[in-house]
Amino acid sequence: MIIRNDFPKLWAQIDIKDDIREKLIMHAEDILESDKFHLTSTFIQHGDVSVYEHCLMVAACAIKINEQLKIKCNERALIRGALLHDYFLYDWHNGASKDNIHPKLHGFYHPGIAMRNAKRDFKITILEQEIIKKHMWPLTVIPPMCREAWVVTMADKYSSLLETIKVRKGHGRTKAEYA
């Protein structure tokens, strides 16, 4: 079981450059230090990558896309939306549960669940809500209406692909070790 004291070690294992780490902390320290957000480390996202690791990598990737393409996103909203885009707080691999009522349709439903949880646990803006709600486009039929949501959508697809084909791996944990 991962305990609160393990997070500095886990954070250090994730390959994120110092300048990106500083931006994550500057804009989302409340999220990163939240016990509720740390619950995401107990759920697997793709392969052996936890939701926690996935969300950090999506945020880092979104920052890089924004900077390299000079998109001029609201950096605070971009980072917070990226960190919370998969804040659904259940293991979507385990079938139906009280939170995962449509397990075979997780891709369609989890953006709304993540947004509801994020609104409950953090103070998030309308822009951050848009990012979370639309990150699964085209499964979310209405496309993103802001550049920040488009960037997070691209970063999520890219990170998910790397995790699924095992180019990017988690830190050697199995589902049982997260329990």
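This is a short tour of the model, stop by stop, with something to select at each one.

**Before you start**

The model is predicted, so local features need pLDDT of at least 70 and side-chain atom pairs count only at pLDDT 80 or more, while totals for chains, interfaces and linings use all residues. Residues are numbered from 1 along each chain as its sequence is written, and side-chain values use heavy atoms, leaving out hydrogens and water.

**Stop 1: the whole protein**

Show the cartoon. The protein has 9 helices and 2 strands. Helices here are DSSP runs of H or I with at least four residues, strands are runs of E with at least two, and both are numbered from the N terminus. Follow the chain from the N terminus: the order is α-α-α-β-β-α-α-α-α-α-α. Of the 179 residues, 53% count as buried. Buried means under 20% relative accessible area, exposed means over 50%, and partly exposed lies in between (1.4 Å probe, protein chains only).

**Stop 2: helix H2**

Select residues 18–32, which form helix H2. Where is the kink in H2 centred? Look at Met26: the kink there is about 65 degrees. The bend at a residue is the angle between axes fitted to the seven residues ending there and the seven starting there. Now check the ends of H2. Their C-alpha atoms are only 15 Å apart, short of the 21 Å that a straight helix would reach. That expected span is 1.5 Å times one less than the number of residues. Colour the buried residues of H2, including Leu24, His27 and Ile31.

**Stop 3: Arg80 and its partners**

Side chains of opposite charge can pair when their charged atoms come close. Select Arg80, in helix H5 (residues 75–84). Arg80 is buried, at 2% relative accessible area. A salt bridge is a side-chain nitrogen of Lys or Arg within 4 Å of a carboxyl oxygen of Asp or Glu. Asp30 lies in H2, so the pair ties together parts 50 residues apart in sequence. Asp30 is partly exposed, at 40%.

**Stop 4: along H7**

Stay on H7 and select Glu130 and Lys134. They form a salt bridge at 3.0 Å, N to O. They are 4 residues apart in H7, about one helical turn.

**Stop 5: a network**

Finally, select Lys23, Glu67 and Glu75. Salt bridges link them in a network. The whole structure has 6 salt bridges.
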